[in-house]
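Hi everyone, thanks for making time this morning.

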Amino acid sequence: MPRNQFQRMIFALITVIITVHAYVFYSLYVVNGTKLMEINHASGVVEAINNQGGVYMFGTYMPIWAVVLVEFCFAYCLEVFMGSPLSFRLASRIFDPRNNHPMIFESAIICATVGLMCPAMSLIAAIIYYPYYAGFSVITLFATWLKLVCFNFPFAFFTQLFFIQPLVRVVFKAIFVKDIQARGEKENPERAESEEDVIADIFRRIDEVQEGLAHERRQRKRLAERVE
């Protein structure tokens, strides 16, 4: 995990670069690919986009590289100023990074980030891809936003949790390998030596959480009995 502002900026940069390319591919090929080919009478998505003069955005047609660049700018700003800081705060409300296993805490951050970024980026997409040539309607914009959230959220959740974020962490560790090694030597944390130890440690922490919840329920029950 990044430890300073520079590392956080680099971490966000790597995340957005991978995510934006994945989303553009998902939107053009998976969600709208068949429709584009039917409208433009093309045998492939790229051919269909070229036949219509690009991807419709901001009321005009733009090349794919421009679409990627525009979405990158929006996504990076949102990730730096909203997604990254707020997701950490939300995850910290439920899990304590000092007591919970890093894998659990990082998964909570990923889920919080998806919950924040997916609706925000879907709203931006609904605005910039809106068919302004047919007139503007707030109801249509709202309906388009909801449709995009329904399309994007499952894709965002599973790709971020199981593919994008693990890949980002691999790339991040490769870039800051010396800093991470120096940090580990300085802090000298107790780390599991094998995958079995990691799994055992996770289940041990889960048991501790469950015991804490059970103790809290017993205390509430005793308090309720005293009040009665």
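Val 138 counts as exposed because its relative accessibility is 60%; the cut-offs are under 20% for buried, over 50% for exposed, and partly exposed in between, with a 1.4 Å probe and protein chains only.

Before I go further, a word on the ground rules. This is a predicted model, where local features need pLDDT of at least 70 and side-chain atom pairs count only at pLDDT 80 or more, while totals for chains, interfaces and linings use all residues. Residues are numbered from 1 along each chain as its sequence is written, and side-chain values use heavy atoms, leaving out hydrogens and water.

Now, how many salt bridges does a search of the whole structure find? The search finds one, with a salt bridge taken as a side-chain nitrogen of Lys or Arg within 4 Å of a carboxyl oxygen of Asp or Glu. The partners are Arg 169 and Glu 106, at 3.1 Å from N to O. This pair links distant parts of the chain, 63 residues apart: Arg 169 sits in helix 6 (residues 138–175) and Glu 106 in helix 5 (residues 102–128). Helices here are DSSP runs of H or I with at least four residues, strands are runs of E with at least two, and both are numbered from the N terminus. Arg 169 counts as buried because its relative accessibility is 14%.

The axes of helix 5 and helix 6 come within 7 Å and cross at roughly 145°. Axes are lines fitted to C-alpha atoms, for helices over the stretch in contact, and angles run from 0 to 180 degrees between N-to-C directions. By class, their contact has 17 nonpolar, seven polar and two charged residues. Here Ala, Val, Leu, Ile, Met, Phe, Trp, Tyr, Cys and Pro are nonpolar, Asp, Glu, Lys and Arg are charged, and the others, Gly among them, are polar.

On to helix 4 (residues 64–94), which packs with helix 5 at an angle of about 145°, their axes 8 Å apart. The contact of helix 4 with helix 5 has 18 nonpolar, four polar and two charged residues.

Finally, the backbone. Most residues other than glycine have a negative phi. His 41, however, has a positive phi of about 55°, and lies in the loop between helix 2 (33–40) and helix 3. With 71% relative accessibility, His 41 counts as exposed. Phe 58 also has a positive phi, near 55°, and belongs to the loop between strand 1 and strand 2 (60–62). Phe 58 is partly exposed, at 44%.

And is Gly 54 buried or exposed? Gly 54, in the loop between helix 3 (45–51) and strand 1 (55–57), is buried because its relative accessible area is 4%.
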